[in-house]
Amino acid sequence: MSSFTALTHCPRSRAYYDKKRAEGKTHRQATAALSRQRLNVLGACIRDKTLYQPKQPRSAEMALCELT
């Protein structure tokens, strides 16, 4: 469910999903790839005992993107 929410609220997640679709992946495969990516980030935060800090936004629209 996190991936579905991210698709509508996070431009970076949408861009990643669209990239996977452009590679020829089905909706299910692209959503699974996005979920794995988000879990990898969460796992790294837990491993490193750090808070999630998004990279510097490339535009004002990217500044609204948060891990949800």
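This is a predicted model: local features need pLDDT of at least 70, side-chain atom pairs count only at pLDDT 80 or more; totals for chains, interfaces and linings use all residues.

Me: At what angle do helix 1 and helix 3 pack?

Reply: About 95 degrees, with the axes of helix 1 (residues 2–9) and helix 3 (residues 27–48) 9 Å apart. Angles from 65 to 115 degrees count as roughly perpendicular, so helix 1 is roughly perpendicular to helix 3.

Me: Which residues meet there?

Reply: From helix 1 you have Ser2, Ser3, Phe4, Ala6 and Leu7. On the helix 3 side they meet His27, Thr31, Leu34, Ser35 and Arg38.

Me: And how many of those are nonpolar, polar or charged?

Reply: Four are nonpolar, five polar and one charged.

Me: OK, switching to the core. Which residues make up the largest nonpolar one?

Reply: Six residues: Leu7, Tyr16, Tyr17, Ala30, Ala33 and Leu34. Helix 3 gives the largest share, three residues, and both helix 2 (11–22) and helix 3 give two or more.

Me: What does Tyr17 touch?

Reply: Leaving out residues up to four places away in sequence, Tyr17 touches Leu7, His27, Ala30 and Thr31.

Me: Last one, Ser13: buried or exposed?

Reply: Buried, because Ser13 has 5% relative accessibility and the cut-off for buried is under 20%. Ser13 is in helix 2.

Me: Which residues is Ser13 in contact with?

Reply: Setting aside neighbours within four places in sequence, Ser13 contacts Ala6, Leu7, Leu34 and Arg38.

Terms used
Residues are numbered from 1 along each chain as its sequence is written. Side-chain values use heavy atoms; hydrogens and water are left out. Axes are lines fitted to C-alpha atoms, for helices over the stretch in contact, and angles run from 0 to 180 degrees between N-to-C directions. Helices (H or I, at least four residues) and strands (E, at least two) are DSSP runs, numbered from the N terminus. Angles under 35 degrees count as roughly parallel, over 145 as roughly antiparallel, 65 to 115 as roughly perpendicular and the rest as oblique. Contact means heavy atoms within 4.5 Å. Ala, Val, Leu, Ile, Met, Phe, Trp, Tyr, Cys and Pro count as nonpolar, Asp, Glu, Lys and Arg as charged, and the others, Gly among them, as polar. A nonpolar core is a set of buried Ala, Val, Leu, Ile, Met, Phe, Trp, Tyr and Cys residues joined through side-chain atoms within 4.5 Å. Buried means under 20% relative accessible area, exposed over 50%, partly exposed in between (1.4 Å probe, protein chains only).
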